[in-house]
Amino acid sequence: MTPSNSWRGLLNAELAPRFALLCLGIWLNAADTLVTVTIMPSVAKEIGGWQYFGWSIAAFLLGSILAGACAGKLSIRFGLRRATALAGVVYAIGCAMGALAPDFLTFVAGRLVQGLGAGAIVSLCYVAITAMFPESLWPRVYGAIAGVWGAATLLGPLCGGLFAQAGHWRWAFWFFVIQAVIFVGAVLVMVPGAPKAPQGGRIPGRQLALLTLGVTLIAAAGVVPGGLAAALCAVLGTLTMAAMLVVNGRSPDRLLPRSASDLATATGLGLAVIFFCEAAAIGFSVYGPTFIQTLHGADPLLSGYVIGGIAAGWTAFSFVVAGLKPKHEGRAIRLGAVVIVAGVSWGAYEMVHGGLVGITLSMVVLGSGFGICWAFLAKRVIGGAPLDEQPLASAAVPTTQLIGGAVGAAAAGALANALGFAHGVEPANGATHGLWLFCAFIPLAVVGLAAAWRLGRD
């Protein structure tokens, strides 16, 4: 007889379709970033909008944050089946908006809608695991989800690159519309209607509103006329993000743990490392493919795989350090942060003055830094929180990563416009000002390193 907790037990006639559905839902989110960053230069060449380049990723990440915070409540109100199907429909609408976009602002709006759908799908897929699979198989399912993220590292750039090289980037979005429709149909047939999400708590609306306003102000710094207005937007955006932390600490309905802003705690330090390091690294995803194609003559497919080196390094080294003993975890946190700073610094130089081999290696190094320290960062963030806040601290790890990515992407777009890339990246201005674009984020990585060094104390 097949053991109930074996891979064969997961792939039996009853559970295999559910497993495939779950993998498809995770794939819709996992592949998105690598597909999109691969085709973005082609998008901008056709419909313009270089000055809003960073908005495309920031909008998607912001949508994911908003949806992730609300998904559990939607499951309680509408039931798991209807909530998940609704998320799939929203995702499909966002993809269709991107495919039909006549201009870049419409495209960015589609990315926001797409992020709302994708963020809700991922959250509800995790809820669905407990509703659709026996508890003995949960470890297998979680392991398979990690495999889907790894597969997206290989297949995402391939998917986006093939469409971009064929001159049909819009069909990349139609391809995901088709997958979303299949997902919605399968959800309506296979997902149980009864909710499995825990009761209690309201949506942290004030924090989400301040977060949205802060990211928007930082992004707007790149498109408002005049240096004074741009500086004012950047300062107000930063202050708004700080206000979000203050409100979060005082609110009974929190987006992040109460100690998220307290650098005297392991939770606050760990979330600071995650935020600053992710904000420092995201610029390579936003502008890396454009510089690789413009300055180094690579095609969209190759540029996507070069940036995919970040994910590849992350995945590989997360397995390498998985067996570390607890007494070495602090050193891993410090080493990972050091490697991230080295990867950001090396990548900034190679992106402008180096070659494809150097860029690829630097991206792998950057991702390796995250892989070395990530699991131990998460462990200390969660373990440093009070017992009643540990579930919230666990959710805060990916949420803080998304926040860091959204803020970093918005800031990268604003800085790029200030450096003269508002109308595109050309060999001349790329070689002259490109180094400043990527080097400007090294201080953020150094701040992350400082927090990691303190967190790494035994």
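Which residues in α2 meet which residues in α8? In this predicted model, local features need pLDDT of at least 70, side-chain atom pairs count only at pLDDT 80 or more, and totals for chains, interfaces and linings use all residues. Residues are numbered from 1 along each chain as its sequence is written, and side-chain values use heavy atoms, with hydrogens and water left out.

**Helices α2 and α8**
- Pro17, Arg18, Leu21, Leu24, Gly25, Trp27 and Leu28 in α2 meet Phe176, Gln179, Ala180, Ile182, Phe183, Ala186, Val187 and Met190 in α8 (contact means heavy atoms within 4.5 Å).
- The residues of this contact comprise twelve nonpolar, two polar and one charged.
- The axes of α2 (residues 16-30) and α8 (residues 169-190) come within 10 Å and cross at roughly 140°.
- The two helices are therefore oblique to each other (angles under 35 degrees count as roughly parallel, over 145 as roughly antiparallel, 65 to 115 as roughly perpendicular and the rest as oblique).

**Threonine 399**
- Threonine 399 is found in helix α16 (residues 390-418) and counts as buried at 16% relative accessibility (buried means under 20% relative accessible area, exposed over 50%, partly exposed in between, with a 1.4 Å probe and protein chains only).
- Neighbours within four places in sequence aside, threonine 399 is in contact with Ile65, Leu255 and Leu256.
- The C-alpha atoms of threonine 399 and alanine 69 are separated by 8.7 Å, with the two residues 330 apart along the chain.

**Threonine 36**
- Helix α3 (residues 32-47) contains threonine 36, which is buried with a relative accessible area of 2%.
- A polar atom of the threonine 36 side chain lies 2.8 Å from the backbone oxygen of aspartate 32.

Technical notes: Axes fitted to C-alpha atoms, helices over the stretch in contact; angles between N-to-C directions. Helix = DSSP H or I, 4+ residues; strand = E, 2+ residues; numbered from the N terminus. Nonpolar A, V, L, I, M, F, W, Y, C, P; charged D, E, K, R; others polar. Polar contact = N/O pair within 3.5 Å; in protein donor to acceptor, adjacent residues only side chain to side chain.
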